[in-house]
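Welcome, and please take a moment to look over the sequence and the model below. A short tour follows.

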Amino acid sequence: MQENQEKFMEKVYNLNQGKNLKYTILTMGCQLNENDSEKIAGMLEKMSYSECKDVKEADLVIFNTCCVRENAEERLFGKIGEIKKLKESKDVILAIGGCMMQEEVMVEKIKKSYPFVNVIFGTHTLQNLPENIYKAIIENRKVKDVIDIDGEIYEGLPIKRNDNFKASVTIMYGCNNFCTYCIVPYVRGRERSREPEMILEEVKGLAKEGYKEITLLGQNVNSYVGNDKIRNFADLLNEVCKVDGIERIKFISPHPKDFTDDVIDAIANNEKICRIIHLPLQSGNTKVLKEMNRKYTKEQYLVLAEKMKERIPGVVFSTDIIVGFPGETDEEFEDTLDVVRKVNFEQIFMFIYSKREGTVAAAREDQVPEEQKHVRFDKLKDLYESRVDENNDKYLNTHQKLLIEGKSKNNAEMLEGRTDTNKVVVFKPREGNKIGDVVLVNITETHKWYLKGEII
Ligand code: 5AD
Ligand code: SF4
């Protein structure tokens with residue numbers, strides 16, 4: 001962390017002594033934002049704020065925003081309105097950061113319509129939060145700290161993690177792909193990779209603290225660029241697998257175009273890497289994929305999935321799919337359903353295309369009518385759900401390694417864990433079983449959204 005920010009952290013710490021001040025963070029969007037929020041929490045705790053869940057108790061409120069889809073804006077404005085009311089009865093600092101704040105129109109709108117917002121910060125200036133909060137407290141100043149250029153990578157920010165057995169580690173920032181529907185490259189900047197040694201140091205530190213599962217994060221995680229020794233994503237995976245104590249490794253989100261053979265080999269050779277691979281499809285039609293600028297065809301995607309199934313026994317896939325991209329016809333959408341049938345995804349994150357100003361696709365005149373988008377969404381959902389039972393049945397009477405995640409939500413006597421394909425399994429614990437342990441179970445029952453098992 002930068003020295004001057006450490007000084008500001010100390011200054012705010014001193015100001016806050018004896019006041020028992022509380023903070024709350026509302027995180028919207030993806031796991032990268034969640035990881036940023038963990039760093040925000042880390043900085044705030046060092047400034048002597050403690051966490052509260054109820055916004056009404058908070059003295060400092062942070063919104064970490066997302067702008068990937070449209071509805072997030074309305075939600076944010078509603079939340080800002082709530083804080084306005086709160087501010088009428090007590091002194092509250094409101095800071096808004098994240099992807100949406102990289103959009104000029106949004107910042108202007110907030111400055112004009114919600115002048116009581118104290119701090120606006122972007123995705124490249126997270127590390128300046130101590131200084132910005134200091135200014136908001138001491139000078140009662142409105143601070144806007146957003147830069148357009150790609151931020152440097154700051155190492156060593158304090159971090160307060162959400163869980164104590166699984167942790168996310170961001171390995172690269174930004175995206176160079178410019179898929180035509182996506183706002184991310186405009187708000188997160190160009191790709192920048194962290195030094196591999198720094199990543200390994202963080203993972204080793206986590207292992208020492210008792211963490212069992214690591215998720216490597218990046219907007220485009222498999223286009224990671226290392227150095228002479230650890231050259232690329234495959235090398236990094238191999239190195240992370242060598243860290244003792246870490247039992248499970250996941251990564252999101254890879255791009256199919258960068259899924260090289262060495263990455264497939266790294267997965268095949270390392271049992272620690274989870275057997276569910278996220279492989280964002282977006283569309284199954286080659287013409288739509290070209291217009292999305294995805295750089296693969298329907299056939300190339302299918303060949304890649306087949307190759308992985310052959311080389312990695314037991315592998316399953318999850319995916320992201322957008323329905324109703326501009327110009328998509330019913331016939332073209334059928335190709336998406338065809339790929340869903342062929343790959344047999346274990347999990348699908350389904351999205352209705354949402355127009356993002358400034359992207360290439362938003363300027364198109366052949367937008368798909370809302371009703372039609374919904375019809376396609378429902379068709380996709382029905383197809384996916386119609387296959388869940390059959391997919392679950394494959395687990396019956398198999399032995400699965402579970403990482404225990406906590407108590408079962410419906411039955412206090414049971415624990416629940418996940419398989420390395422991300423299936424939730426509920427089971428009766430043996431004495432001494434605790435969160436973070438890995439246990440072997442036999443699957444005895446299947447239910448739509450969870451399985452039951454018995455320890456063996
Ligand atoms: N509309 C709908 N979904 C989108 N995504 C990204 N941009 C949009 C958009 N404009 C989806 C993609 C991506 C996921 C994180 O969000 O499927 O993989
Ligand atoms: Fe967006 Fe495409 Fe980059 Fe993913 S790869 S963040 S969808 S532009």
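Let us begin with Ser253, which sits in the loop between β11 (248-252) and α9 (261-269). Helices here are DSSP runs of H or I with at least four residues, strands are runs of E with at least two, and both are numbered from the N terminus. The peptide bond leading from Ile252 to Ser253 is cis, with omega near -5°. Another serine, Ser48, belongs to the loop between α2 (31-46) and β2 (50-51). Ser48 is not a glycine, yet has a positive phi of about 80°. For background, most residues other than glycine have a negative phi, and most peptide bonds are trans.

## How to read the model

This is a predicted model, in which local features need pLDDT of at least 70 and side-chain atom pairs count only at pLDDT 80 or more, while totals for chains, interfaces and linings use all residues. Residues are numbered from 1 along each chain as its sequence is written, chains are lettered from A and ligands numbered from 1 in the order in which they are written, and side-chain values use heavy atoms, with hydrogens and water left out.

## Around ligand 1

Now for some individual atom pairs. An N or O atom in the side chain of Arg69 is 2.9 Å from an oxygen atom of ligand 1. A nitrogen atom of ligand 1 lies 3.0 Å from a polar backbone atom of Tyr181, and a nitrogen atom of the ligand is 2.7 Å from a backbone N or O atom of Ser354. Taken alone, ligand 1 exposes 410 Å², and the protein buries 84% of that (areas by the Shrake-Rupley method with a 1.4 Å probe).

## Around ligand 2

The shell of ligand 2 consists of Cys175, Asn177, Phe178, Cys179, Tyr181, Cys182, Val184, Pro185, Gln219, Asn220, His255 and Arg294. Seven of these residues are nonpolar, four polar and one charged.

## Helices that pack together

How do α1 and α5 cross? The axes of α1 (residues 3-16) and α5 (residues 129-138) come within 8 Å and cross at roughly 40°, so the two helices are oblique to each other. Angles under 35 degrees count as roughly parallel, over 145 as roughly antiparallel, 65 to 115 as roughly perpendicular and the rest as oblique. Axes are lines fitted to C-alpha atoms, for helices over the stretch in contact, and angles run from 0 to 180 degrees between N-to-C directions.

Helix α12 (residues 330-343) packs against α13 (residues 370-393) at about 20°, with axes 11 Å apart, and α12 and α13 are therefore roughly parallel. Helices α3 (residues 72-89) and α4 (residues 104-113) pack at about 25°, their axes 13 Å apart, which makes α3 roughly parallel to α4.

Conventions: A polar contact is a pair of N or O atoms within 3.5 Å; within protein, one must be able to donate a hydrogen and the other to accept it, and residues adjacent in sequence count only if both atoms are side-chain atoms. A residue is near a molecule or strand if one of its heavy atoms lies within 4 Å of it. Ala, Val, Leu, Ile, Met, Phe, Trp, Tyr, Cys and Pro count as nonpolar, Asp, Glu, Lys and Arg as charged, and the others, Gly among them, as polar.
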